[in-house]
Amino acid sequence: MKKTLLLSALLALGSIGATGTAAAETFSANGVKELSIKASGDLVNARRIAREQAELAAVASVLRLKLSANPNDPKVKNALAELRTQLADNLRTSFNAEGDILTARSTLQVDSSVFLDMTRSLELGSKMAVSSAKVLFLIDEYYGVGTKLDPSQPLVTEIDYSHDKSSMSDRSSSVSSSRSAASSSASAAKGSFAAASSDKSAFAASSAASSAGRDRASFSGSDKASFSGSDRGAAAMQDGYGGSAAAARNVQASGSRDTQVAGARDTQFAAAQKSSAAGSSSSQAAVSASHSSASAAKSSSAASYAEKNNDVQRQNDVVNLKVKQVFAGIDNAKPADLEASLINQKLQQVVGEFDLAVTDERDFRVENGRRLTVSDITRMQKFDSYLKKASSGSYKAKYLVYGQAVMQSEGSSPSGEVLCSGQLALSSADVDTGDSFAKGTIGKRASGSSDQNCRANLADALARSLAETIGTKARRDLQQASAQGSPYVVSVYSAQRIPGKLRRDFEARIKEMTGVVEFGEGDNASAELYSWKVTAKGNFGTQVNDLVDEYIEADNSAFRGGRYERRGNRLLFCLDGKCPEQI
């Protein structure tokens, strides 16, 4: 499965090129030589020989490490002396003598583009391999006008301010009390005396206080009552003189009451206090005497008292502040269509200088009549399918390079020339493996007689820097693959079951192929799919294709319906015909 490369991560990457010329990679290597001073004749001659050998070793080390060149190759041996002479200013050598042994240590540091130009001129490496590695460029261009306005400073500031400092106070109290008393007395003439008394009292009180930043309360009440009564009376009288009288009374009364109360309160700041008190007392006394008289008395009393106080206060202190700011708009770059894209046109002209072959994108990213931008492809998560498409059909690309270039006019210089600058954010991938290839940001400045001329010069500078970056990386990777081999995954698939004899025979034939460096079994083997991981040099893919043809075209072959497919660095032998999309 190829990796999905997201363009949104590009802006966080380090810069490939600073403003002006591109900052290419620096190649570094060391070389060491030890020899006998006596065997060399004298110290002066020993230093000369040791220095020469250490510097040649440093140059050979760069060729081996960075270009995978074979130091024993006659062409490489013949080029070492010339490279050492050309790189004299980049070599530093130190000496150390211990007894008869002199040690020379040389360090080489050279700009990668300079070094690769030298190797090309000396025809080191496989130029054919580099030029056959096609590159498909997908570069979107945006062009705008620069401004001297500071994007961090607002052009307009609007402030909306209000302050509420209102207050409310509510104090109320209620008092209620009740009292009752009763007494009675009696007397009699008896000769006995007795007395008794009883006294009871009770008192209760409560107090509560509370405060809150916000108080919400609601209440409701309902009172219903009804009554009825009747009174009947009759009277008759006779006076004995023949007179009489009679009367009657019948009175009825009824009534009802229905009361409902509801209320609500919302207080932002409140304080409340409540207190109540109640008391009661009762006493009884009795006295009796017996002689010639007797008396008795009884009295009782009761009292109650209640008080309720409310103290509610609210104080508002609310500040509302709204600030609206309008900043300078500096992102005014507009996209250019394919015909007006100067960088793509320049790339077609300059890639040959860096040993690259370019494949024209044409309608590569046109869908439903619309040309998708790099941002569209990223947002729609289609890079996996575009990597696969780049390696097939008429494109046959080895690398897919994509990115966005933003160019801006910056006014005029004191001499009257038009100034402009641009930044190219790029990423790339090997279409065979899906691995990231090169990524970063290139920055350039240019000048010209007009806006269009300045933009053309800027596009040329960005295109050359991009071609150099990709060309240098491609050359090194391809030369390394030529020397050390490239990774492959070889698979056999069947919808039913892979015959055991075929699997064993196929594996043995792969191991015997020319150029195989490493061989190992793949992951997730099953009865339907078996894979091998192979590192191989040369035309390994062609050899696997020829092997599959042998199985298909053999007399009485059981695999006549088989098919060979290459998907990037994956080589497939499908026994039943066309290989499934997902393997």
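**Rings, sheets and helices**

Colleague: What makes you say that the charged end of Arg 47 sits over the ring of Phe 95?

Modeller: The charged end of Arg 47 is 4.0 Å from the centre of the Phe 95 ring. A charge sits over a ring if NZ of Lys or CZ of Arg is within 6 Å of the ring centre and within 35 degrees of the ring normal, so 4.0 Å meets the distance cut-off. Arg 503 likewise lies over the face of Tyr 530, at 4.9 Å from the ring centre.

Colleague: Before we go on, what kind of model is this?

Modeller: It is a predicted model, in which local features need pLDDT of at least 70 and side-chain atom pairs count only at pLDDT 80 or more, while totals for chains, interfaces and linings use all residues. Residues are numbered from 1 along each chain as its sequence is written, and side-chain values use heavy atoms, leaving out hydrogens and water.

Colleague: Why is the pair of Phe 506 and Trp 532 called tilted?

Modeller: Rings of Phe, Tyr and Trp (its six-membered ring) pair if their centres lie within 6.5 Å; planes under 30 degrees apart are stacked, over 60 edge-to-face, and the rest tilted. A search of the whole structure finds 11 aromatic pairs. In this one the centres are 5.8 Å apart and the planes at 40 degrees, so the pair is tilted. The pair links distant parts of the chain, with Phe 506 in helix α9 and Trp 532 in strand β23, 26 residues apart. (Helices, H or I with at least four residues, and strands, E with at least two, are DSSP runs numbered from the N terminus.) Both residues also belong to one aromatic cluster with Tyr 530, Tyr 551 and Phe 573.

Colleague: How do you know that Gly 422 is buried?

Modeller: Buried means under 20% relative accessible area, exposed over 50%, and partly exposed in between, using a 1.4 Å probe and protein chains only. Gly 422 has 0%, so it counts as buried. Gly 422 is found in strand β19. Leaving aside neighbours within four places in sequence, its contacts (heavy atoms within 4.5 Å) include Val 406, Ile 442 and Leu 458.

Colleague: What makes strand β20 largely enclosed?

Modeller: In β20, 7 of the 9 residues are buried, so the strand is largely enclosed by the rest of the structure.

Colleague: How do you know that β19 and β20 pair?

Modeller: Two strands pair if DSSP finds at least two bridges between them. β19 and β20 are joined by 9 bridges and run antiparallel, so they qualify as a pair. Cys 420 stands opposite Ala 446 in β20.

Colleague: Why do β2 and β3 stand at the edges?

Modeller: Their sheet is open, in the order β2-β4-β3, with antiparallel pairing. β2 and β3 each have a single partner strand, so one side of each is left without a neighbour in the sheet. β2 and β4 are joined by 11 bridges, and Phe 27 has Val 110 as its bridge partner in β4.

Colleague: Which values describe how α9 meets helix α10?

Modeller: Their axes come within 11 Å and cross at roughly 145 degrees. Axes are lines fitted to C-alpha atoms, for helices over the stretch in contact, and angles run from 0 to 180 degrees between N-to-C directions. The contact includes Phe 506 of α9 and Tyr 551 of α10.
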